[in-house]
Amino acid sequence: MAPKSIKDLEETLQTILDKLAHLQTQIQQTHDHHETRYNALHHTIESRKKDWDSKQEVVNHTLHNPCLTPTRHRNS
């Protein structure tokens, strides 16, 4: 195996650096995509939790205030 010239080594190093830069870009894009998806999911979960809490408040309020609970009329 013959020793490579300085120019060959520089070209090889530049190729490696280019590939690393490309990989870094791909990693950043993947990270950004996942972060966006996480934020959207988090927003959905928070929204549904608020909706659930609101409905739970209505149920609790109704249960603790019998005058608000509909009564059934018996047909005698």
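Residues are classed by relative accessible area as buried (under 20%), exposed (over 50%) or partly exposed (in between), with a 1.4 Å probe and protein chains only. The structure is a predicted model, in which local features need pLDDT of at least 70 and side-chain atom pairs count only at pLDDT 80 or more, whereas totals for chains, interfaces and linings use all residues. Residues are numbered from 1 along each chain as its sequence is written, and side-chain values use heavy atoms, with hydrogens and water left out.

The secondary structure of the protein chain consists of 1 helix and 0 strands, where helices (H or I, at least four residues) and strands (E, at least two) are DSSP runs numbered from the N terminus. Helix α1 covers residues 6–64. Of the 76 residues of the chain, 0% count as buried. The chain exposes about 7900 Å², of which carbon and sulfur atoms supply 58%; accessible areas come from the Shrake-Rupley method with a 1.4 Å probe, and for residues only the protein chains shown count as cover.

Salt bridges were defined by a side-chain nitrogen of Lys or Arg within 4 Å of a carboxyl oxygen of Asp or Glu, and a search of the whole structure finds 2 of them. In one, the closest N and O atoms of Lys49 and Asp53 are 2.9 Å apart. Lys49 and Asp53 are separated by about one helical turn because they stand 4 residues apart in helix α1. Lys49 counts as partly exposed because its relative accessibility is 46%, and Asp53 is also partly exposed, at 32%. Lys55 forms a salt bridge with Asp51, with 3.3 Å between the closest N and O atoms. Both Lys55 and Asp51 lie in helix α1, 4 residues or about one turn apart. Asp51 has a relative accessible area of 39% and is therefore partly exposed.

Leu13, Ile16, Leu17, Leu20, Leu23 and Ile27 make a nonpolar surface patch of about 570 Å². Patches are made of residues with over 30% relative accessible area and no salt bridge, like charges being joined within 9 Å and nonpolar side chains (Val, Leu, Ile, Met, Phe, Trp, Tyr) within 5 Å. Leu20 is found in helix α1 and, at 49% relative accessibility, counts as partly exposed.
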